[in-house]
Amino acid sequence: SELSQIRIFLNTPDEKTGGELTVNDTSEKPSIEFKNLSFRYSENAAWIFKDFNLKIDAGEKLALVGINGAGKTTLMHLLMGLLEPTEGSVLIDGKNSTDFKKTEYYNLFSPVFQDINIFPETFAANIAGTENINEEKLKDAITSSGLNEMVSSLPNGSQTILVKESNDEAIDLSGGQNQRMLLARALYKNAKINILDEPTAALDPIAESKIYEEYDAMSKEKTSIFI
């Protein structure tokens, strides 16, 4: 069945666990460099990048603009270690991404993508990504993302379960509320590098403008990429 395939996948040992470096081996606002980066999805596929070079300075805010299919999201997946370069390298503070422990490397990034993944868990667990929640951080993330009023109106506050089709007592959020929850997720994680990949594609222009202002405020002290 599909479920047993998922179990097999999750239990497959990771071939590459990376090196020994941790988040602490980077500065507060890390620099990013793509060095002679080339990537294609398979040997017969077209090159999406060929000898691509780009340096993003520590604490810099960069906007990546391009047509659909130009490779912007692929570049972010390469940066975050979700894809591996076919050739060349990704450097964080001059250190090769492959020299970091995999789990530590993932902790460098707070990404917000346009596909919204809501889990059939409590509102709080959706923000924290775990059942083991730091209440202080949760409160700050909810306040900073403008969700206070909404959360206090929920039947069980932040313990309200989401995704109605999974549970009779669960609720579904609106598009704008989902978007703010993603903002809260990124604020809760509070990683050193923010990646915002067209996160407001589903919103109307006024709501979009407002969310971008908030993402901008959240990125003040971080190296950030806006797509």
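Guide: Lys 29 has a relative accessible area of 32%, so this residue is partly exposed. The model is predicted. The side chain of Lys 29 meets that of Glu 221 in a salt bridge, at 3.5 Å from N to O. Lys 29 sits in the loop between helix H1 (2-11) and strand S1 (32-39), and Glu 221 in the loop between helix H8 (205-218) and strand S8 (223-226), so the pair ties together parts that lie 192 residues apart in sequence. Glu 221 is exposed, because its relative accessibility of 55% is over the 50% cut-off.

The count of salt bridges comes to four. Another one of them joins Lys 50 to Glu 87, with the closest N and O atoms 3.5 Å apart. This pair also links distant parts of the chain. Lys 50 belongs to strand S2 (residues 49-56) and Glu 87 to strand S4 (residues 87-92), 37 residues apart. Lys 50 is partly exposed, at 46% relative accessible area. Glu 87 is partly exposed too, at 36%.

Next comes the pair of Asp 216 and Lys 220. Their closest N and O atoms are 3.9 Å apart, and the two form a salt bridge because the cut-off is 4 Å. Asp 216 is partly exposed, with a relative accessible area of 36%. Lys 220 is exposed, with 53%.

Definitions and conventions: Residues numbered from 1 in each chain as written. Predicted model: local features only at pLDDT ≥ 70, side-chain atom pairs only at ≥ 80, totals over all residues. Heavy atoms only, no water. Helix = DSSP H or I, 4+ residues; strand = E, 2+ residues; numbered from the N terminus. Buried < 20%, exposed > 50% of the residue type's maximum accessible area, 1.4 Å probe, protein only.
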